[in-house]
Amino acid sequence: MRKIINLNKDWKFIQENAGLPERMPEEWESVDLPHTWNAVDGHDGNGSYDRGCYWYAKTFSTPKQPLPDGNVFVEILAAGQQATVYVNGKGVCYHEGGYSAFRADITEECKEEGENLLVVACSNENKSNVYPQSADFTFYGGLYRGVNLISVPSTHFDLEYWGGIGLKASARPCEKGGEFQLESWVKNADENFTVLYSIRDARGKEVAGAVRPADQTAVRLYVPDVTLWDCENPYLYTVTATLQRRNEAYDEVTTRVGVRSFSCEPDKGFILNGVPTPLRGVSRHQDMLYKGNALTREEHYKDAEIIKELGANTIRLAHYQHSQDFYDACDELGFVVWAEIPFISVMSKDPAAHQNCITQLKELVYQNYNHTSICFWGISNEILIGGISEELVENHKELNALCKELDDTRLTTIAHVSMTPVDSPVHGITDVESYNHYFGWYGGKMEENGPWLDNFHQAHPEICLGLSEYGCEGIITYHGPNPACKDYSEEYQALYHEHMAKVLEERPWLWSSHVWNMFDFGCAARHEGGVAGRNNKGLVTMDRRTKKDSYYIYKAYWNKEPMVHLCGRRYAKRAGETTEIRVYSNQPVVALFINGTLSGVQSADKVFVFQVSLEYGFSTIVASAGNCQDSITIERVEEEPSIYVLPEVNERAEGVANWFSLMGDLDLKAPMEFPEGKYNIRCTLEEISKSPEAMEVTAKAVKLATNFELAPGVGMWDMMKSMTPEAMVHMAGSMMPEGFAESLNAQLILIDKK
C-alpha cells in the first residue's frame with residue numbers, strides 16, 4: 001500500500017541563485033515549509049519585492065518498499081512560479097505555473113542505502129510564456145504549500161497525469177437516490193488486477209460498491225435515499241478505490257463527494273437542487289500579513305470559517321488555483337466555488353503563453369474535479385485591460401471548449417473588466433458571465449450599479465449575469481462625519497456596501513456576486529490611501545484580526561443567526577454636539593441606549609440610523625435587538641484627531657481645481673481635435689511614455705482620475721500601459737468634473753509625437 005511521507009521539516013534555503021549544490025548545504029538558512037521569501041517584502045510598502053531564482057535543499061531516506069519493486073514520487077504541492085527539481089544531482093522535472101501540484105517519479109534516482117539529496121530551484125521571475133503576466137497582486141515565490149514523498153507498488157493508481165489522484169468521482173440526484181460516476185486510472189496493471197469501489201455515508205456505513213477490471217474502470221453506482229449536498233447541509237460521501245490483486249490490496253485512493261444538481265437561468269439566477277439560490281459571497285486571495293501565501297491547513301480553514309460566519313454561500317477563488325486544504329474546507333462548509341486560472345489583465349504576445357493557459361487549465365480541472373463545492377471554471381479575468389484581438393477571442397473559445405471536454409458536469413464563466421462593451425465579441429463564449437464593476441470607487445457613483453445591471457440584463461436577456469468584483473478601500477484609521485468616495489474611510493466603505501447589499505437583494509436573478517475582497521491582500525506595486533503594498537478593499541484586515549464595519553452589513557443580510565453590530569467603534573473621538581450612530585442587525589427592531597438611558601427605538605431593514613447628543617467626555621453606547629446586544633465607547637472632543645483624515649483627500653480636490661486653472665481661457669466645450677503628429681487622449685500610455693512632457697501631464701491626470709501613481713516600469717505599469725487616457729477618464733465617469741478629458745487632450749495636442 002502507498003505511503004505518504006511529509007517532507008516539510010528541516011530544509012535549507014538560500015536567497016541567491018547559488019546553483020545546484022553537490023552536497024547538503026549546511027551553511028544555508030534553515031527553514032520549514034510552507035515557505036516564501038516574500039513573506040514580508042510582498043506587501044511591506046517598499047514598492048517592489050524580490051523576484052528571483054532561489055534554492056531549497058533537503059535530504060531524505062529512500063522509503064522501504066513492502067513488495068520487491070515499487071516507485072517513489074516527489075510531490076510538490078505548489079512552487080511559485082517556476083521550479084526545477086533535482087534528486088542526487090539529476091534533474092527530474094521542470095514545472096511552469098505557480099499554483100498547481102506536480103509530481104515526478106524519482107525511483108531510479110534514489111539510493112538503496114544512505115541519504116538522498118533533494119534540491120528545488122524555485123523562481124518567481126517573469127517569464128513571457130507563464131501566467132500571470134501582470135496583475136494587481138503579489139506573485140509570491142517559494143515552496144509555499146509543502147512537499148511530500150509518495151511510495152507506491154509498481155502497479156498503482158496513476159500519479160503522473162496532470163497532478164490528479166488517479167480517481168475521478170461525481171454524483172447527481174436521480175429518481176429516489178443518487179448516481180455516482182466513478183473512474184480510475186491504473187499504471188502497470190495486468191489481468192490479475194481489479195479496482196474495488198466503495199461508497200460510505202457520513203457515518204461510515206457502506207451504501208454501495210462495485211468491482212471493475214483495472215483496464216476498464218468506469219462505472220455508475222446507484223445509492224438509494226441519498227442526502228443532498230447544499231449550502232446549509234454540505235453532506236459528503238466517501239468514495240474509496242482499492243487496487244486489488246487477488247486477495248491483496250496493492251494501492252488505495254479516497255475522495256469525498258456530495259450529491260447535488262445545479263444550473264443557471266437568466267431570469268432565475270443560480271438553482272441548486274431545483275431551488276433558486278442566489279449566490280452571494282466574496283472573493284479570496286490566499287495570502288496573510290507577514291506570512292505571504294505560505295499558509296498552513298489550519299489557517300486556510302480559519303479563513304473559510306470567517307467567511308462562513310459572514311453568511312456567504314459562495315467564494316470566488318481568485319485568480320489562480322488555491323490549496324487543496326481550502327477546497328476541502330469549501331466542500332465541508334457548503335460554499336459554491338468559482339475556481340479559475342491566472343489568465344488575467346494582459347495577454348502575453350509570446351505564442352507559448354497560450355499553451356501555458358491550457359496546461360494550467362488542465363491541472364486546475366484534473367486536480368480539483370472531485371470537489372463538490374466547485375460549480376464553475378473561470379477562464380479569464382479582466383483580460384481586455386490589455387486590449388482585444390481576434391487571437392484573444394479565439395483563445396477564449398478554445399479554453400471554453402477545453403473546459404467542456406475535460407468536465408461536462410460544470411459551467412464555465414468569465415470576469416469582464418468594467419469597460420467591456422455590452423456588444424463585445426467576448427460575450428456568449430462561456431455558459432455564464434460576470435462583470436467587475438467599481439461604480440462608486442474608481443469611477444461613477446454607487447447608485448449607478450443597479451441601473452447598469454438592469455440595462456445589461458435588458459440588452460442581453462439570454463445571458464446569465466453576475467457581479468464578479470465590486471468594492472472600495474476601507475482603512476480603519478480614517479473616519480469622519482461626512483464620508484465620501486476616495487476618502488478611504490471605514491465609514492464610506494460601510495455606506496458603499498450598505499448600498500450594494502441592497503442592490504443585490506433586489507436582483508435575485510443575478511446568478512452570483514462576489515465582494516472584492518474578503519481580506520486585504522498583498523500588492524507590492526500599490527500605494528493608495530496612505531497604505532502602500534496592499535489592496536485594502538477587504539472586509540477583514542490582512543492579519544485577520546479586525547472585521548471592518550462593512551463585514552457586518554453582509555452578516556446582517558446573509559447570516560440567519562440573530563445579530564446586532566454597532567458601527568464606528570474605531571471612530572472613537574468625535575467633535576460636535578450630535579453624532580450619527582449606525583447599527584446593523586437582522587432583527588426588526590433596535591433600541592439604543594446612551595450611558596444607560598434609552599435614546600431611541602427604531603424599526604428598519606438591516607440598517608438603523610440614530611442621531612444622538614453627546615456630552616463631553618466618554619459615552620457608552622449600547623444597541624439591543626431581541627436577545628442580541630453590542631456596545632462601544634466614544635469620546636466627545638473639541639477637535640477630531642488629524643489622523644482621521646488622509647491628507648491627500650483635500651489635496652486631490654485642490655488638484656482638480658488647480659488642473660483647470662492651468663487651462664486659462666480654453667473653451668472646454670469646443671469639439672476635441674486630434675491633429676496628426678501630436679499626442680492625444682486616444683494614444684496608449686505606452687505611446688505617451690515616449691515623451692517625458694506628455695507623460696508628466698498624463699500621470700498627473702491619471703492620479704486625479706484614479707488615484708494611481710503612474711510611471712513607466714513602476715507599480716502596475718505593465719497592466720495599464722496598453723490603456724488610453726480616454727478609457728481611464730471614461731472609467732472614472734461622473735467622478736471627474738465636466739471638461740476634464742477635453743482639458744487633458746488640449747494639453748497633449750500641443751506636444752509633438754516622438
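These legends go with several views of a predicted protein model.

**View 1. Contacts along the chain.** Look at contacts between residues at least 6 apart in sequence, and you'll find that 70% of them join residues at least 24 apart.

**View 2. Inside the largest nonpolar core.** This core holds 122 residues. The ones with the most contacts inside it are Ile307, Leu310, Met518, Leu539 and Tyr554.

**View 3. A close-up on Met518.** Which residues does Met518 touch, leaving aside neighbours within four places in sequence? Its contacts include Val282 and Ser283, then Ile306, Ile307 and Leu310. Gly538, Leu539, Val540 and Tyr551 are also in contact with Met518.

**View 4. Another core, apart from the largest one.** Here you're looking at a set of 28 residues that lies apart from the 122-residue core. Among its members are Leu67, Leu167, Val195 and Val226.

**View 5. Surface and charge.** Buried residues account for 61% of the 754 in the protein. The accessible surface comes to about 30,100 Å², and carbon and sulfur atoms contribute 48% of that. As for charge, there are 69 positive and 106 negative side chains, with the centres of the two sets 4 Å apart.

Notes. Residues numbered from 1 in each chain as written. Predicted model: local features only at pLDDT ≥ 70, side-chain atom pairs only at ≥ 80, totals over all residues. Heavy atoms only, no water. Buried < 20%, exposed > 50% of the residue type's maximum accessible area, 1.4 Å probe, protein only. Contact = heavy atoms within 4.5 Å. Areas by Shrake-Rupley, 256 points an atom, 1.4 Å probe, with all protein chains shown as cover. Lys, Arg positive; Asp, Glu negative; His and termini not counted. Charge placed at Lys NZ, Arg CZ, Asp CG, Glu CD. Core = buried A, V, L, I, M, F, W, Y, C linked by side-chain atoms within 4.5 Å.
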